[in-house]
Amino acid sequence: MTNVEAPDTAAEPAIAQGQTDTAAPSAHPAAHPPANAALPASAAAATALLAACGGGGGGGGNDSSGDGSFPVTVDFASAGYTYPNPAGDADAARFLQQAQFSSTVEDISALRSKGYVMWLATEFSRPLGPTGWDWLESRGYGVADSSSYFFNMYPADFMIWSQLLSGPDPVRRRMALALSEFFVSSMSSAEFTWRSHAYASWWDTLTRNAFGNYRQLLEDVTLHPAMGWFLNTKGNQKENNSGRVPDENYAREVMQLFTIGLYELNLDGTPRLSGGRPIDSYGQSDVTNLARVFTGYDFDTSDGVRIPVDTYTIESRAFARKPMSFNANRHSNLAATFLGTTIPANTPGRTALTTALDTLFNHPNVGPFFARQMIQRLVTSNPSPAYVAHVAGAFNDNGKGVRGDLKAVWAAILQHDEARDPRSPANTTFGKLREPMVRFIQWARTFGAQSAAGSWKIFELNNSSSQLGQSPLRAPSVFNFFRPGYVPPGTSLSDSGATAPEFQLVNETTVGGYLNFMQGVIERGINCPNPSVPQASGNPYLYDVKATYARELALVTDANALINHLSLVLCAGQLSSESRGYMLTALNATTVTSASTTEVKLRRVYAAVLMVMACPEYLIQK
């Protein structure tokens with residue numbers, strides 16, 4: 001039995017640029033991977049995993065390979081790469097797991113039939129899927145009544161999970177999730193009315209701009225009400241005679257985290273040195289002066305609408321998706337000198353903002369600073385300087401003289417030889433730890449998880465002892481869930497100084513929490529309060545978000561075929577012979593035949609999925 005029902009034909013050659021087409025440790029030590037991704041410790045651990053499994057399943061399917069008709073144009077550089085097409089199913093799966101969240105059999109077939117270039121062009125051209133804002137409205141969260149949705153954040157949690165676990169444009173959403181970990185604004189600190197709508201709009205801003213230009217994204221981020229609240233641009237006022245000075249929070253973070261970083265960089269991302277020491281990219285004077293530009297902004301409630309709720313009134317939700325408004329009377333008119341640019345005194349506020357953002361956008365650091373972190377999010381934690389330089393070059397010029405073209409950046413990241421070379425997975429310094437939330441999203445999209453009621457009542461999953469220890473749009477600070485320069489101490493990586501950011505999330509608590517959470521999710525799905533109503537509480541509690549495992553059940557009587565299939569769709573065929581042996585021993589401890597009950601068949605599927613998602617070859621994405 002083959003591990004995938006897809007033609008094993010060579011992919012079509014890459015399409016020339018510009019051509020168009022139409023798209024018709026703990027109890028489970030294996031899950032606590034060392035930084036060098038060692039193999040599972042013992043067959044006993046795998047057997048323990050099998051013994052722990054049981055339960056039921058169900059749900060719907062997901063196929064992101066695409067249908068319908070829309071124009072497709074290759075408008076990014078595609079020449080000069082050594083590997084224009086996947087050599088086989090495993091190559092295709094590896095690419096898909098970097099470019100989106102999952103690699104189903106259908107996805108693999110679609111990619112192999114198109115080749116990397118045409119597949120990317122199709123995804124870049126795919127129309128924007130349903131928005132987070134519209135989802136909230138469709139579920140009734142735009143109503144101002146005693147349910148007080150406008151004072152709660154749980155609707156935004158439901159919204160973001162629905163966006164990530166389902167939907168027709170997974171590549172756009174994968175890139176938006178990566179952007180959310182660069183331009184960080186966290187829901188966890190939001191305390192204003194219509195906060196869920198503001199973060200739905202924030203998410204929509206990231207998805208809308210994911211294939212656009214960095215400069216527009218930077219401006220949209222700067223003026224967004226969610227960011228205005230998070231980094232204090234909202235209500236920021238000019239200096240006065242009583243000693244008040246402009247808040248410097250956004251001015252500092254927009255330089256340190258969103259554009260240029262702390263040190264001057266070469267194109268390849270390595271620091272420029274003077275006397276053997278890195279050169280600071282900005283100083284306190286730059287922060288103080290730039291802060292003047294970000295004064296005079298606040299929520300745009302100019303519609304004047306007040307909605308009665310019980311004994312009080314609230315503003316309409318319209319402001320939550322409008323750029324912040326500008327009040328010239330609150331804006332500093334002092335000159336602002338920063339990063340070698342001077343904005344003269346009394347420059348109109350909008351003009352000053354344009355000059356400031358243009359200055360940041362055109363700084364030579366932005367390309368390598370942004371490129372390295374996006375490579376880290378999608379492909380590998382410790383990219384070579386040559387890889388960074390290539391992607392930074394695409395940021396600086398997309399081949400048509402345009403700076404900041406994000407499609408050019410994604411295409412350069414995913415097509416680069418370091419990402420596509422079939423030998424890269426054998427390199428012990430290549431790859432990255434899959435983020436817990438990305439593993440969960442992959443599970444849902446791989447196995448057809450759906451919300452039967454359409455409510456997607458999944459709350460934040462930040463609890464590290466019983467959940468994922470990570471939840472989208474809920475970073476603990478502006479510095480994200482982990483730092484891009486993190487080096488795991490006491491590992492072989494620390495000896496060489498190799499970065500592995502996601503390992504900052506790893507400890508005994510998070511490992512046990514992930515395994516226990518996923519065991520329950522794989523078996524039963526997500527237990528939700530009354531999925532048929534929008535409120536966060538209410539009986540009955542039901543397992544509303546569940547997977548189908550339809551393809552896996554078709555393979556269940558052949559343990560070897562089942563493991564081959566899961567190895568392909570979950571870890572791009574990278575299960576080692578040793579891990580495979582442990583798993584087969586555990587699975588074959590119980591006989592499963594076509595005559596076995598559905599419960600017995602499902603138990604084998606649950607065990608197989610959990611074992612794969614707990615092993616180092618899965619946790620370390622290569």
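Which helices each supply at least two residues of the lining of the largest pocket? Select helix H13 (366-378) and helix H14 (385-396), which each do so; helices here are DSSP runs of H or I with at least four residues, numbered from the N terminus. The model is a predicted one, in which local features need pLDDT of at least 70 and side-chain atom pairs count only at pLDDT 80 or more, while totals for chains, interfaces and linings use all residues. Residues are numbered from 1 along each chain as its sequence is written, and side-chain values use heavy atoms, with hydrogens and water left out.

Stay with the largest pocket, which holds about 720 Å³ of space. Next, select Phe369, Arg372, Gln373, Pro484 and Gly485, which are the closest to its centre among the 32 residues that line this pocket. H13 gives the most to this lining, with 6 residues, and the lining as a whole divides into 17 nonpolar, 10 polar and 5 charged residues.

Now move to the second largest pocket, with a volume of about 250 Å³. Select Ser201, Thr205, Arg208, His224 and Arg321, the closest to its centre of the 14 residues that line this pocket. Helix H7 (195-209) and helix H8 (214-223) are the elements that give two or more residues to its lining, and H7 gives the most, with 4 residues. The lining of the second largest pocket divides into 4 nonpolar, 4 polar and 6 charged residues.

Key: On a 1 Å grid over the protein atoms alone, a cavity is a set of points where a 1.4 Å probe fits but cannot get out, and a pocket is an open set with protein on both sides within 12 Å along at least five of seven lines; lining residues have an atom within 4 Å of a point. Grid points are joined across faces, edges and corners, and a volume is the space filled by probe spheres set on the points. Ala, Val, Leu, Ile, Met, Phe, Trp, Tyr, Cys and Pro count as nonpolar, Asp, Glu, Lys and Arg as charged, and the others, Gly among them, as polar.
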